Amino acid sequence: MRELIERVDEHDRVLEVVERAEAVRLRWMHRIATTICRVPTGRILVLRRADGHVPFPGHYDVMVGGGVGVGESYEDAAARELLEELGIGVSVGFLFKFLCQEGIGPVWFGVHEALITEPLAPDPSEIAWHAWLTELELRRVVDRGPFVPAGREALRRYLGRSAP
C-alpha cells in the first residue's frame, strides 16, 4: 500500500505530495512526527526496534513515531502513531522541531511529549523490547550500541544537552 506524504523544503513548507518510499530513496525532505514518552515518576521510554523494522532494525530509540500524512498536523500524526505502535490513546504536547541530516535525512522531526499512565501494548512488528529508564541511565547508554541517529539527537535536545 502506498503511503503518501508531503515533500517539504528547508523551511518545512509543502512542495508536493509524493510517495514516502520515493522520498526516502531520493532523500527528499519530508516530515516525521515523534513522541518521547514519560511516566509520572519521570522515567523515559526506551525501545528496541523490531529486527524486521526498516529503517534501523534492532536499533534503540526514545522516539515513537512515523510519517506525517498529507494534510495531517505533526500533533495528529504523533497521537496516531502512539495508538498504532503502543496501543495507547493519549494527548501529546509539541516540544520542538528540528531538521535531521543523519540516517534517512534530511527529515523534519516534530518532537512531542506524552505522559503515560496506562499499560503499553507494543506492536511486535514495530517494537521488540521496551523499558523505562531514568535520564541518568539514558545519558549513559545513548552513545553505546546501535541507537537511531535522530533519536540520539532528539534526546540530547530534550535533556538540554548539545551534540558533541
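Mentor: What follows is a close look at one strand and the strands beside it.

The model is predicted, so local features need pLDDT of at least 70 and side-chain atom pairs count only at pLDDT 80 or more, whereas totals for chains, interfaces and linings use all residues. Residues are numbered from 1 along each chain as its sequence is written, and side-chain values use heavy atoms, with hydrogens and water left out.

The strand is S8, which covers residues 107-115 (a strand is a DSSP run of E of at least two residues, numbered from the N terminus). Seven of the nine residues of S8 are buried, so that the strand is mostly covered (buried means under 20% relative accessible area with a 1.4 Å probe, protein chains only).

S8 pairs with strand S3, residues 31-38, and the two run parallel, joined by eight bridges (strands pair if DSSP finds at least two bridges between them). Within this pairing, Thr35 has His112 of S8 as its bridge partner.

Strand S7, residues 93-100, also pairs with S8, but here the sense is antiparallel and seven bridges are found. Gly110 of S8 is the residue that stands opposite Lys97. S7 and S8 form a hairpin with six residues between the strands, and in this hairpin Gly103 takes a positive phi near 65°.

To sum up, S8 has S3 as a parallel partner and S7 as an antiparallel one, with seven of the nine S8 residues buried.

Terms used:
Buried < 20%, exposed > 50% of the residue type's maximum accessible area, 1.4 Å probe, protein only. Helix = DSSP H or I, 4+ residues; strand = E, 2+ residues; numbered from the N terminus.
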